[in-house]
Amino acid sequence: MTNYQGKNIVIIGLGITGLSCVDYFLAKNVIPKVIDTRLKPSGIEQLDNRVLCHTGSLNLKWILAADLIVVSPGIALSAPELVKAQQCGIEIVGDIELFCREINQLNNKKVAAITGANGKTTVTSLVGNIILSSGIKVGVGGNIGKPALTLLNENYDIFVLELSSFQLETTYSLQASAATILNISEDHMDRYPDGIMQYTAAKQKIYANSKNCIINHDDKLTYPSKVDANTKCIEFGLLQGQYHLDKDYQHLIANDNAVLDVKKMHLFGIHNYLNALAALAISDALAIDRAISLEAIKNFKGLPHRFELILDRNGVKWINDSKATNVGSTEAALKSLTCNGTLHLLLGGDGKSADFSPLIPYLAKQKNIQIYCFGRDRDQLSMLRPDVTTKLTTMKEAIVEITQRLKKHDAVLLSPACASLDQFKNYIERGDVFISLAKELG
């Protein structure tokens with residue numbers, strides 16, 4: 001195992017991930033220091049009293065004295081203090097890199113690594129369910145659930161990790177049995193000032209040393225920029241690739257064989273069928289029994305706040321897609337939804353400096369659409385299709401307006417294309433408020 005004895009370790013960022021890093025080093029009899037820019041960071045009350053903690057700023061003296069810096073995904077590497085550390089040759093990694101160094105020294109362990117602008121949590125959870133159904137001991141975590149280092153405390157045979165672009169920036173030793181970039185669209189442009197190619201470059205790190213690269217045939221940005229001679233590339237897509245849908249979008253096709261009728265699935269919407277295809281491709285690459293995989297896909301009920309049908313009353317469908325915190329996710333929702341009446345679309349929140357214009361073609365295709373823009377970026381969003389747009393301050397005001405216009409066969413879709421933090425604690429609270437209002441007013 002990697003030896004950190006005698007090293008001056010500085011962990012930047014506390015919370016659940018930071019605490020997992022502290023526990024990791026303490027288990028190796030190494031006492032790290034912790035820095036957090038917040039005055040009262042979450043988890044500080046759980047910190048071992050042997051660990052020195054500096055709060056409220058980045059302690060440059062500690063940073064420049066470090067042998068190794070373990071940085072939280074929430075801290076940008078462009079921070080001046082970290083730039084100075086890099087210039088001094090100090091190694092900066094994240095918790096996923098620590099995990100990879102450990103797992104690479106163990107025999108017979110597999111890692112499935114999943115990233116993408118949208119759908120990664122659904123695919124990660126679905127792959128975890130498939131493997132669990134097969135009777136193999138599986139640990140699911142990373143950017144969701146348990147931190148990767150915490151998963152090392154259990155004797156899992158396969159690790160399924162959701163990885164964000166921020167986590168991948170500080171990861172260098174990943175050797176996945178199967179790795180995928182599900183899709184690429186603008187997200188976190190406030191962290192990537194050089195644009196989508198800088199964001200894509202971070203995502204592309206997931207493919208390094210992977211045995212199987214699962215790529216999206218319909219999204220060229222998911223294609224590996226370079227591949228090892230021993231790497232196998234496997235494609236999924238809407239109508240092409242080894243894993244795709246039939247021309248009527250009624251069956252999942254794997255290697256030219258129809259393997260599952262989508263009407264038997266709990267998941268609905270074309271983007272979710274693509275998620276299922278990606279999960280099947282990953283599971284096949286991990287040598288999971290195909291019949292078990294298909295049964296698990298059929299029974300998977302999806303995750304809250306992700307294109308979730310929460311109410312079907314008086315002929316009106318209410319769909320909660322609060323997790324659509326970026327433009328690409330809202331695109332996917334609009335492509336997946338068919339509505340025989342009027343589509344009432346809720347957009348709004350903090351757009352994170354994103355370009356909303358890619359939504360224009362999808363909004364133009366919807367002949368019967370009414371758009372309701374709320375929150376911080378409502379003015380910018382209202383310009384996408386001003387002829388059918390109503391501007392309001394809050395989501396509640398929008399829903400009150402919608403309920404006065406509803407008719408049979410209509411659909412109400414919350415797919416905001418924005419983060420929620422301007423008016424809510426997180427996308428979960430936003431989705432819960434939507435559900436509550438739908439049930440009360442719908």
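Thr325 counts as buried, because its relative accessibility is 15% (buried means under 20% relative accessible area, exposed over 50% and partly exposed in between, with a 1.4 Å probe and protein chains only). The model is predicted, with local features requiring pLDDT of at least 70 and side-chain atom pairs pLDDT 80 or more, while totals for chains, interfaces and linings use all residues. Residues are numbered from 1 along each chain as its sequence is written, and side-chain values use heavy atoms, without hydrogens and water.

Thr325 lies in the loop between β16 (316-320) and α11 (327-336); helices (H or I, at least four residues) and strands (E, at least two) are DSSP runs numbered from the N terminus. Beyond neighbours within four places in sequence, Thr325 contacts Asp187, Lys352, Ala417, Cys418, Ala419, Tyr427 and Arg430 (contact: heavy atoms within 4.5 Å).

No disulfides are found in a search of the whole structure, a disulfide being a pair of cysteine sulfur atoms within 2.5 Å. The sulfur of Cys213 has its closest cysteine sulfur in Cys233, at 4.8 Å, which is too far for a bond. Two cysteines are set out by accessibility below.

| Residue | Relative accessibility | Class |
|---|---|---|
| Cys88 | 55% | exposed |
| Cys213 | 0% | buried |

The lining of the largest cavity draws at least two residues from each of β1 (9-12), α1 (15-27) and β4 (68-71). The largest share, three residues, comes from α1.
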